[in-house]
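I opened this entry to look up one residue and its surroundings. After that I turned to the whole chain.

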Amino acid sequence: MATSIRFTKGHGTGNDFVLYADPEGEHGLAREQLAAIADRHVGVGGDGVIRAVRSDSLPDGAAALAEDPRAEWFMDYVNSDGSVSEMCGNGVRVFTEYLIAAGLVELPVGASLPIGTRAGVRDVLRTPEGYAVDMGLWRLQGGEPLVRARELPVARPGLGISVGNPHVVVAVASDEELDAIDLGAAPLLEPAAPEGANVEFVVPGDPLVVDGVGRIRMRVHERGSGETLSCGTGAVAAAMAVRHWAGAGAPEEWRVEVPGGVLGVRVVAEEDGEHAVLSGPAVLVFEGELQV
């Protein structure tokens with residue numbers, strides 16, 4: 001029998017999601033159902049689907065509670081093709097906004113909320129402008145594969161970076177070259193990433209640093225979703241890649257321009273290493289009901 005669920009549509013800098021609440025974990029959907037919901041032609045449409053479920057109501061939440069017992073809510077996130085993803089930087093901000101709007105949590109400006117994800121617990125700070133998320137440790141991982149893409153004349157070396165999920169960042173020469181790339185098909189990596197990877201193409205600003213803030217432009221092809229207007233973890237990966245390439249003296253704060261808007265990335269030194277903090281808006285667009 002068909003099941004009716006209430007949903008909310010939201011986005012963070014154009015990276016859009018379908019969200020629904022299932023606190024006790026009673027309404028998990030099959031991959032085919034999730035992909036149908038995210039389909040822009042026959043479903044609601046979105047880059048992913050997010051289920052709000054209490055961490056103690058699903059197996060993946062056990063690790064979150066072990067890391068931080070305060071992480072009551074778990075962001076059960078899947079890509080638009082229904083495949084499971086470890087983390088979504090824009091999604092966790094929109095997820096937090098959804099929890100507040102749905103009356104599931106209270107979070108005044110200046111307070112933070114731990115959210116369980118498959119990449120670990122992420123602390124989300126509510127700010128006057130939106131949200132700032134401690135994305136945890138970033139690290140070089142995945143080597144330097146060659147990257148080929150449509151309308152990119154020559155294969156370019158990429159830099160593998162992990163932000164809880166895998167990325168490969170590629171520098172291109174100009175805004176014109178960035179705009180010309182056809183991301184309708186997934187870029188090819190040589191060697192291929194075992195788990196797949198999000199691929200970011202980035203142009204450093206000219207000048208790179210203005211008033212102590214690094215500036216870059218980025219486009220992205222997300223595994224399982226295709227080209228999106230924004231990718232939060234991708235913005236972190238792109239900023240960290242350019243910072244790595246720039247070397248000593250590179251700034252700790254970055255402004256990342258994506259097709260859907262602007263995101264902020266800041267590096268914070270912690271005892272366990274460098275954490276990246278992602279900041280940006282979260283907007284809820286509309287609500288509805290669907291049969292699945």
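**Asp47 and its neighbours**

I listed what Asp47 touches, leaving out residues up to four places away in sequence: Gly14, Asn15, Asp16, Arg40, Tyr77, Asn79, Ser80, Ser225 and Thr228. Contact here means heavy atoms within 4.5 Å. The model is predicted, so local features need pLDDT of at least 70 and side-chain atom pairs pLDDT 80 or more, while totals for chains, interfaces and linings use all residues. Numbering runs from 1 along each chain as its sequence is written, and side-chain values use heavy atoms, without hydrogens and water.

Which side chain makes a polar contact with the side chain of Asp47? I found that of Asn15, at 2.8 Å. A polar contact is a pair of N or O atoms within 3.5 Å; within protein, one must be able to donate a hydrogen and the other to accept it, and residues adjacent in sequence count only if both atoms are side-chain atoms.

Next I checked the cover. Asp47 has 6% relative accessibility, so I noted it as buried (under 20% relative accessible area, 1.4 Å probe, protein chains only).

I then placed Asp47 in the loop between α1 (31–38) and β3 (48–54). Helices are DSSP runs of H or I with at least four residues, and strands are runs of E with at least two, numbered from the N terminus.

**The whole chain**

I noted five helices and 19 strands in the protein chain. Buried residues make up 52% of its 292 residues. The C-alpha trace spans about 50 × 40 × 30 Å along its principal axes. Of the contacts with a separation of 6 or more, 62% join residues 24 or more positions apart.

Note on methods: Buried < 20%, exposed > 50% of the residue type's maximum accessible area, 1.4 Å probe, protein only.
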